[in-house]
Amino acid sequence: MKSINKLIIAISITVGATVTSCQKLNIPPTNIFTPDVIYSSEAGVKSFLATIYQNLPIEDFKYRPDQGFKTGSNDWENFYNSAGVTGEEVGPWGGVDIAGGFGYWPYGDIRNVNILISELPKHVATLTQPTVNALLGEAHFLRAYYYFGLAKRYGGVPLIKEPQDPAAPLSTLQVHRNKEQETWDFIGSELDLGYQMMPEASDAGRANKYAAIALKSRVMLYAACIAKYGSVNFVDGPARAAGLVGIPADQATKYFQAAYDAAKTLEGHYSLYNANSDKVQNYVDLFLKSGSPENIFIKQYSIANHTAHSWDATMSPRYMTANALSRSYPTLDLVQLWGNLSVTNDDGTPKRFDNRADLMQGLEPRLLATVYFPGATLRGLTFDMQRGIYPSFSGTAAAEVAKQPNSRSYVLAGDTKTLYQGRQIIGFTGPWTGGDELTRTGFYVRKYVDYNKPQAAVDLNRSEQPWIDLRYGEILLNRAEAAIELGNTTDALTSINQLRTRAGATLYSSIDLTKVRNERRMELAFENQYYWDLKRWRTADVVLDRAHFKGLMPYYVFNENKYIFLAEPELFNREYTFQKQFYYEGIPGGEIGKNPNLLPNNPNY
Amino acid sequence: MKKLISNFLVVAAILTISACTKTDNYDGPNASFQGNILSSAGGNLQTSSGSTQIKLQQIGWTTPQTIPSKFDGTFEDTKLFKSAYKVVPTNGAFWPVTDTIVVNIAQGTKHDFTVTPYIIIKNLTTSLSGTTLTIKYNITAPIAAGLPTIKDTQPYVNTTKLVGAGASIRDFSDVNSVTINKNFTDMSDADKSVTLTVPNLLPGRTFYVRVGVRLSDSFNSSNFSEIVQIDVPKS
């Protein structure tokens, strides 16, 4: 009886399960959002946009030029920045290790935007026409941003403007590259659409119409320089003959004018950050304070969402943080853009300083806000950079530096604990050659470093200050550069002097291209712009031609109880050479394998 | 139970051994390609590491591969797949070779390329006084018109016979570079007759020395002289 009961129970369970099982197979998958869910509300579209924004090629704190836009594990190594190969800094790179790029090929993201652009007009009824227009404008901006990330690396790329049907014949899916000029023109026209269709204001982190026109000023400057300088300094090859790389020189003026017009459009809508009358503090706060009238387009980070970056923990020495290490240090070459530091007397002997901090006297506030000098303080601790001790010092700085290391009379140490007659030989903050987690140049980065963060909180993936991707300061530089290239020196001088006023620098009475470019280097130092500037000016193979960079080494002179500073090769004395073929990256081999129509590859790849 | 396990193991072993017996029916990379890069002025083109290469484009394949030239202007690759290849010498200090040749590469294929160097270094003499080496030579060009700008000229000093760009001691080599930055046609006879000095060589050591002239072509490439052995006497 018992077994029959069991049997009945078993059968009824089986039958019950069988009968009910196959009923709901034909439902839409619940883990995939279908178009009608996404486009039924603005919030739905927003959630789709979030992915597109997330993947945008913004070269921020976490961008690693040889690996890409990093998220998740190992996204903390913020010292792998492009400044470390250009001589703005020296870093963990052994040379110009980033010129091969990382095979950036974001057609998956571009497809997302293309889907958005093709779907939105079908949902006017639910979303309303103004909303659809605004979102479409945003989509055009985003598509331009992705193509800009491609064009500045590869030149001409296939312009895919509609979502491709995966079932279409292979011949239509294997799209040929467009010419380089067509690619830049497309980006320009997309940004024009963005400017026309987007509203004036937006949530922080999202683009508004001015972000589109601001990006256009940058983009058009790239196109103009490629036309002007790329037609003089180039590597020849089939791709160049076909126009896939290179723009005719006679197009330059048109693009410079477009860059100028775009930059001028922003006048009156944004302004330089000037909230603090203390010029140093003001320039520091520009990169840290929210709501700055200078910020046009920013990228935000959040500890809660696991997107926080590690700038604070990786730009300052471990001495001033709770964890991690630094590996990337500003060079003396960068600092000397502001003029030579007064460290040598007229007779060539090193000046004697009572305090290291005296070096900072009379320097431009912007320089002091960009770089931490020996003697500066952070979180209550002093940057006590000291390379070693001279028991006594005689002669000129130049003669001393020219000596072989083993014939110099200094005392060095392998760690901070070693003492010379009771005095620490090297500083807690370096310089030190045993590794690269202490400065190799005598300087540390100050820009973007959050001085208010308590030391215990300065850890990996604990920094949330936004990356300012587009700021009015750059727009003024774009405007000045375009103006000087067009021969409008008056306008260039006005723009540059606006920046110099805010920087606390002496104003220029005249201007030329070199001054404009140097102002750009000073204002945008460490902002991942100079690498691309060197490329578009086609000067990278000249500036980075077996280049070595310098640091400024502080020493303590024991018998005088004074400090001296010697300009010496950075402690690893690495060499940086940029090959001419690097002005374009090669099309990724894997993509050529999938689509042979991408050939010919860029010259010399 | 033991028997069951051992039986099972035997079966498993047989299956493992008999699996994967199919052999690859494609030939391995057993073809080879070698030869000389000849200078139009006679002899092999003098090259250095990281410069002249033979670029091979296998017909029906998308990504090219390269064979780097050895220092004496020869090249050899013994691990190629048998096929037809488009081949061209590139990346060196010679007038660009535009027409690519198709070569059927099989076992032991040989081919020589002839190129016209940008610059030929003539009349190289060296003299040692104490630890200071003086090098004199003349810069000549087989074709002067349209030559890329001459950037600089410099000695290359190393302790092995592998000496050249990327294989030299910087303190003896790059730092003794002389900047020219002129077109060849604008150079005076004095400019073309160069004297370089390498001071402070180490006594009692043997060095291998050559000189190079660097041009601003697409590769910033250099023409090199032959290699000279310098024995610095013990002081």
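Two residues are in contact here if their C-beta atoms, placed from the backbone, lie within 7 Å. Keep that cut-off at hand for this tour of a predicted model.

**Stop 1: chain B**

Select chain B and start with its contacts. Of those between residues at least 6 apart in sequence, 67% join residues at least 24 apart. If you colour by burial, 29% of the 235 residues of chain B count as buried.

**Stop 2: chain A**

Now select chain A, where the cartoon has 23 helices and 15 strands. The C-alpha trace of chain A spans about 100 × 80 × 50 Å along its principal axes. With the burial colouring still on, buried residues make up 46% of the 605 residues in this chain. As for contacts in chain A with a separation of 6 or more, 71% are accounted for by residues 24 or more positions apart.

**Stop 3: a helix pair in chain A**

Two packed helices are described by the angle between their axes and the distance between the axes. Select residues 209–229 of chain A, helix α10, together with residues 252–265 of chain A, helix α12. How do these two pack? Their axes are 8 Å apart, at an angle of about 160 degrees. Angles over 145 degrees count as roughly antiparallel, and α10(A) and α12(A) are therefore roughly antiparallel to each other. The crossing of α10(A) and α12(A) is left-handed.

Show side chains next. On α10(A), the residues making the contact include A:Ile213, A:Met220, A:Leu221 and A:Ala224, along with A:Lys216 and A:Lys228. From α12(A), look for A:Tyr255, A:Phe256, A:Ala259 and A:Thr265, among others. Coloured by residue class, the contact of α10(A) with α12(A) divides into 13 nonpolar, 2 polar and 2 charged residues.

**Stop 4: where the chains meet**

Finally, bring both chains back into view. How many residues of each chain are in contact with the other? Chain A has 12 residues in contact with 6 residues of chain B. To find your way on the chain A side, select residues 589–594, helix α23, which gives the most to that side, with 3 residues. By class, the side of chain A that touches chain B divides into 4 nonpolar, 4 polar and 4 charged residues.

Note on methods
Residues are numbered from 1 along each chain as its sequence is written. Chains are lettered from A and ligands numbered from 1 in the order in which they are written. This is a predicted model: local features need pLDDT of at least 70, side-chain atom pairs count only at pLDDT 80 or more; totals for chains, interfaces and linings use all residues. Helices (H or I, at least four residues) and strands (E, at least two) are DSSP runs, numbered from the N terminus. A residue is buried if 20 or more other C-beta atoms lie within 10 Å of its own, exposed if 12 or fewer, and partly exposed in between; C-beta atoms are placed from the backbone. Axes are lines fitted to C-alpha atoms, for helices over the stretch in contact, and angles run from 0 to 180 degrees between N-to-C directions. Angles under 35 degrees count as roughly parallel, over 145 as roughly antiparallel, 65 to 115 as roughly perpendicular and the rest as oblique. A crossing is left-handed if the near helix is turned anticlockwise from the far one by less than a right angle, and right-handed if clockwise. Ala, Val, Leu, Ile, Met, Phe, Trp, Tyr, Cys and Pro count as nonpolar, Asp, Glu, Lys and Arg as charged, and the others, Gly among them, as polar.
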